[in-house]
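This report looks at how the chains of one assembly meet.

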There are 4 protein chains.
Amino acid sequence: MSGPVRHEVEVEVRYAETDQMGVVHHANYLVWFELARTALCASCGHPYAEIERQGYLLMVVGAHAHYRRGARYGERVRVVVWIDRLRTRHLAFAYEVRRGEELLATGRTEHVWVRREDGRPTSMPPELREPFRALAGEDALPA
Amino acid sequence: MSGPVRHEVEVEVRYAETDQMGVVHHANYLVWFELARTALCASCGHPYAEIERQGYLLMVVGAHAHYRRGARYGERVRVVVWIDRLRTRHLAFAYEVRRGEELLATGRTEHVWVRREDGRPTSMPPELREPFRALAGEDALPA
Amino acid sequence: MSGPVRHEVEVEVRYAETDQMGVVHHANYLVWFELARTALCASCGHPYAEIERQGYLLMVVGAHAHYRRGARYGERVRVVVWIDRLRTRHLAFAYEVRRGEELLATGRTEHVWVRREDGRPTSMPPELREPFRALAGEDALPA
Amino acid sequence: MSGPVRHEVEVEVRYAETDQMGVVHHANYLVWFELARTALCASCGHPYAEIERQGYLLMVVGAHAHYRRGARYGERVRVVVWIDRLRTRHLAFAYEVRRGEELLATGRTEHVWVRREDGRPTSMPPELREPFRALAGEDALPA
C-alpha cells in the first residue's frame, strides 16, 4: 500500500507575519498551507491558476490548525503537504510545518470543487483525476 | 442550567480581505474571531491588552473554521463568540459569523495560558476566574 | 473658498495588525486608508461596492504614508480622509490617522478610473461627478 | 562613480495577496519591499533579525509606491532593492518590482535607527557602517 506523495515548500518568515507576541500570527499558517497546496498542484503539471482559468474553483470549506511552537522572523520553515482524502467532489489536504526537524504546527483543509461561472458544486476536473490519484496514493481512495 | 454568554461584534468587510474569488479570503476569519474574543474579554472589564501587560498570554494552540457562504466587500457581518470550555489552564472559544440571520461560518479556537516572561504554561490570571466563569455559564465548567 | 469635506472613521487596532515591534505594521495603514475612502464614498450615497458593480474600478496608482507614532493593540484610532485633488480621469485622497488628537500618520493615495470589462482608463462615472465635486470643495477643482 | 549595489529577491504571488480586482492588493507591495531589504541586509552578513537582537530597530518613517501593472496569482515577480540614501541616523531604500523585464511597480521607504530599549533615535549600528557604505556606493554618501 503506497501512501500519499509528500510535497514540500520552504517559506521565509516575513516581518509582517509576526505579531506583538514576537512569533508568526496564527492566521498566517493558513496562507502557508495555501502556498504548499499551490506547489503540490504545480508539481503534477496542473498549476492551480490554470485550473481556475479553466473554470474550476477549489473552495475551502474547512480549515484546521494545531500550533506547537512559534516561527520567528529570520527563520525559514518547511511546509509539507499531502492529499489526505480524495473523492470525486471533495478532497482534503494535510500539512506539517517544520523548522529543521522540529514540528511547529499541523493542519488540514477540506475543499469542494465549484464551477466558477455559477458557484455550483461540481466534480473534479477530468484532467486532474489521474494525477491527483497518483498523488493521493492508495490510502486516500474510496474502497 | 445557564449556557454561556454570547457576545457579538459587527465587522465591516475590507477590500483588502477579499481575494480573486471575489469573497473574503478564508484566513481572515481567524482574524475576525480574534476581534470577537477581544471584545468578549473587554465586555467583562478585562481588556486583553491589559491582561498581556500583566504578564499573561492567551496562546492559540488550535484553530478551526467551517465555511458555508462567502462574505463580500460592501457587507457588514456579525461575529458571535462564547466560551465553549473553561479550565484552569486552557479554554476554548466558539464562533458564528452571520450576515443578517444567514450563517456564513462557524469556528472554534483553543488556547492555553502562558507567562509572558518565559513562555511557560500557567493558570488563568486570578482576576479573570470569576468573570470568565460568569461568561462561560454552567455547561462549560468541570464537574 | 470652501475646503474639502473631511470624513472620519474609527478603527480598532487588531492583534493581527501588530508586528514584533509591538506596534501596527506599517503596511496596514494602507488598508485603513482604504476603509476611510470606502466610508467617504458611502457618505455621498455611492458605496464603492456599487460603483464596481456598475463597471468602474478606482485603481490605486500611488500610495504614500508618513509615520510619526505607532498605534497599539487595544487602542482605537481615527482615520480622517478627504479628496485632495479631483480631475475627470484621476483623483487623490489625503489621510490623517489620529489617536485622540495626537497625529500618528499621514498619507495620500492617487487613483485612476478604469473600466472593469477591459481595464482601460476612463472618466469618472457620471453619477459621481456632482457628489465628488461637493466633497472636494473648491480647492481641489481645476481652474 | 559607482552606484549602489542592487540586490534582488524572487517572490511567488500568494492567493491570499490578491483581491477581488484579480490582482495583488497594493498594500502587499510594502510587504514585498520588506522582504527585499531583509535580503539586502543578509547579503552583507548582517541579517536584520540579528540587528534587532542587538538592540536596534530600523523604523519605517515613510513609504511610497507607484503601481503600473498588477501582479497575478500564479506569477513570480522579482523585487530589486538598493540603498538610495545613507546617513548616520537615517537611510532610504528604493525598489522596483518586475515580472520578467516588465516594470510593475516602484517604491521607496525611509527609515530611522531607533534603540529597542527606549524607542529613542540613535545612530546606525557601528558594525553596519562599512558594509552599508559598500552597498550604498558613492552616490548615496554625503559630500
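## Strand pairing in chain D

How many bridges join strand β2 of chain D to strand β5 of chain D, and in which sense do the strands run? The model is predicted, and in it 11 bridges join β2(D), residues 56-67, to β5(D), residues 102-115. The two strands run antiparallel. One bridge can be located by residue: Gly62(D) has Glu110(D) in β5(D) as its partner.

β5(D) also pairs with strand β4 of chain D, residues 90-99. That pairing is antiparallel too, with 10 bridges. Here Arg98(D) has Leu103(D) of β5(D) as its bridge partner. β4(D) and β5(D) form a hairpin with 2 residues between the strands. In this hairpin Gly100(D) takes a positive phi near 60 degrees. As a general point, side chains in a regular strand alternate between the two faces of the sheet.

## Chain B against chain A: extent and composition

Chain B gives 22 residues to the contact with chain A, and chain A gives 22 residues in return. The buried area is about 1,900 Å². Carbon and sulfur atoms give 58% of that area.

Polar contacts are present, with 9 residue pairs across the interface, both residues at pLDDT 80 or more. On the chain B side, the elements that give two or more residues are α1, α2 and β2. β2(B) gives the most, with 10 residues. By class, this side of chain B divides into 12 nonpolar, 6 polar and 4 charged residues.

## Chain B against chain A: strands and symmetry

β2 of chain A, residues 56-67, and β2(B) are antiparallel over 5 bridges. Within that pairing, Ala65(A) stands opposite Ala63(B).

What rotation and shift superpose chain B on chain A? A rotation of 180 degrees does it, with 0.0 Å of shift along the axis and an RMSD of 0.0 Å. That is the relation of a two-fold axis. His64(B) has the C-alpha nearest the axis in chain B, 2.2 Å from it. Of the interface residues of chain B, 100% are also interface residues in chain A, so the copies meet through the same surface.

## Chain B against chain C: extent and composition

The contact with chain C takes 16 residues from chain B and 16 residues from chain C. About 1,500 Å² is buried between these chains, and carbon and sulfur atoms give 54% of it. Arg14(B), Tyr15(B) and Tyr73(B) supply 43% of the area that chain B buries here, more than any other three residues.

How many salt bridges are counted between chain B and chain C? The count is 2. In one of them, the side chains of Arg14(B) and Glu17(C) meet at 2.7 Å, N to O.

α1(B) gives the most, with 5 residues. This side of chain B has 9 nonpolar, 2 polar and 5 charged residues.

## Chain B against chain C: symmetry

As a general point, two copies of a chain are related by a rotation about an axis and a shift along it. For chain B and chain C the turn is 180 degrees and the shift along the axis is 0.0 Å. The RMSD of this superposition is 0.0 Å.

Which residue of chain B has its C-alpha nearest this axis? It is Val11(B), 5.3 Å from the axis. Of the contact residues of chain B, 100% recur in chain C. The same surface serves both copies.

Technical notes: Residues numbered from 1 in each chain as written. Chains lettered and ligands numbered in written order. Predicted model: local features only at pLDDT ≥ 70, side-chain atom pairs only at ≥ 80, totals over all residues. Heavy atoms only, no water. Contact = heavy atoms within 4.5 Å. Buried area = accessible area lost by both parts, 1.4 Å probe. Salt bridge = Lys/Arg side-chain N within 4 Å of Asp/Glu carboxyl O. Helix = DSSP H or I, 4+ residues; strand = E, 2+ residues; numbered from the N terminus. Nonpolar A, V, L, I, M, F, W, Y, C, P; charged D, E, K, R; others polar. Polar contact = N/O pair within 3.5 Å; in protein donor to acceptor, adjacent residues only side chain to side chain. Pairing = 2+ DSSP bridges. Least-squares fit on C-alpha atoms with pLDDT ≥ 70 in both.
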